[in-house]
Amino acid sequence: MKTEDLSHKGYDVIGNCRKLAEEMTFKNLYSIICAHGNIEAAVWLEGDDPHSMTFDQLAQLTDNYAEALSHTFGQSGRVCIAVDACKEWFPLFWGIIRSGHDVLTVDPSMPDEKVAYLMRQAGCTYLVSSKARKVSDGTSQLLVSDLAKAPVISNYSPVWGHDIALCTSGTTAECRVYV
């Protein structure tokens, strides 16, 4: 899709890039993304039935998750995400950052031992996963299905995290964490 094709949907790609270049922070990026308000942001199927959410709805879920994460994990440290792409991924990722945590993303198909290794390498003691995992004894875990039940809140005041750690094997076939 060409940049000009997005303008009828309320997207100003070039203008948004300029805004981000002026202030390259998570807070500004999140603000730019969520400024699209009532425009459809996510579409998925449940069986044969299509469902969707707007940017406003995703922002509300993000705040719900951020509040729940703050209560569960406090407001600092690194949280590992071991969750496949799903409708909860956007509010989970941004909820972690808005709750004052940094993020470690890992491939959810990795075995528990590999997830535990990467979490240790990143200094990560919190985990949000699609399933219970056998990782370090000191790790606090939260299932994304439980997080999805977070109550609706209003007027959330974010405490922004600072970085994202990505895992890659590059050409070595040995997974490493990069911040």
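Which residues form one aromatic cluster? Phe26, Tyr30, Trp89, Phe93, Trp94 and Trp160 do. We'll come back to them after a quick look at the whole chain.

**The model as a whole**

This is a predicted model, where local features need pLDDT of at least 70, side-chain atom pairs count only at pLDDT 80 or more, and totals for chains, interfaces and linings use all residues. Numbering runs from 1 along each chain as its sequence is written, and side-chain values use heavy atoms, with hydrogens and water left out.

As for confidence, pLDDT is the predictor's own score for each residue, from 0 to 100. Its mean over the protein is 84, and 87% of the residues reach 70 or more. Residues 1-8 are another story: pLDDT is below 50 there, and beyond near neighbours in sequence the stretch has 5 contacts in the model (contact means heavy atoms within 4.5 Å). Where pLDDT is low, the predicted coordinates should not be read in detail.

The protein has 6 helices and 8 strands; these are DSSP runs numbered from the N terminus, with helices being H or I of at least four residues and strands being E of at least two. Along the sequence they come as α-α-β-β-α-β-α-β-α-β-β-α-β-β. Of the 179 residues, 42% count as buried (buried is under 20% relative accessible area, exposed over 50%, partly exposed in between, with a 1.4 Å probe and protein chains only). Among contacts between residues at least 6 apart in sequence, 60% join residues at least 24 apart.

**A hairpin, then a helix**

Strands β1 (residues 40-46) and β2 (residues 49-54) pair in the antiparallel sense over 6 bridges; pairing takes at least two DSSP bridges between the strands. Glu46 has Asp49 in β2 as its bridge partner. The hairpin has 2 residues between its strands, and Gly47 takes a positive phi there.

Helix α3 (residues 55-73) has 19 residues and reaches 26 Å from first C-alpha to last, close to the 27 Å expected at 1.5 Å a residue; the expected span is 1.5 Å times one less than the number of residues. Its buried residues include Phe55, Leu58, Thr62, Asp63, Tyr65 and Ala66. Gly74 follows the helix, with a positive phi.

Here are the positive phi values side by side:

| Residue | Phi |
|---|---|
| Gly47 | near 70° |
| Gly74 | near 80° |
| Asn155 | about 60° |

Asn155 has its positive phi although it is not a glycine. It sits in the loop between α6 (144-147) and β7 (164-168). Asn155 is exposed, with a relative accessible area of 73%.

Leaving aside neighbours within four places in sequence, its contacts include Thr62, Asp63 and Ala66, along with Tyr30 and Trp160. Tyr65 is 33 residues away from Arg98 in sequence and 9.1 Å away in space, C-alpha to C-alpha.

Tyr30 and Trp160 also belong to the aromatic cluster. A search of the whole structure finds 6 aromatic pairs. The rings of Phe93 and Trp94 have centres 5.3 Å apart and planes at 90°, so they make an edge-to-face pair. For the cut-offs, rings of Phe, Tyr and Trp (its six-membered ring) pair if their centres lie within 6.5 Å, and planes under 30 degrees apart count as stacked, over 60 as edge-to-face and the rest as tilted. Both Phe93 and Trp94 are buried.
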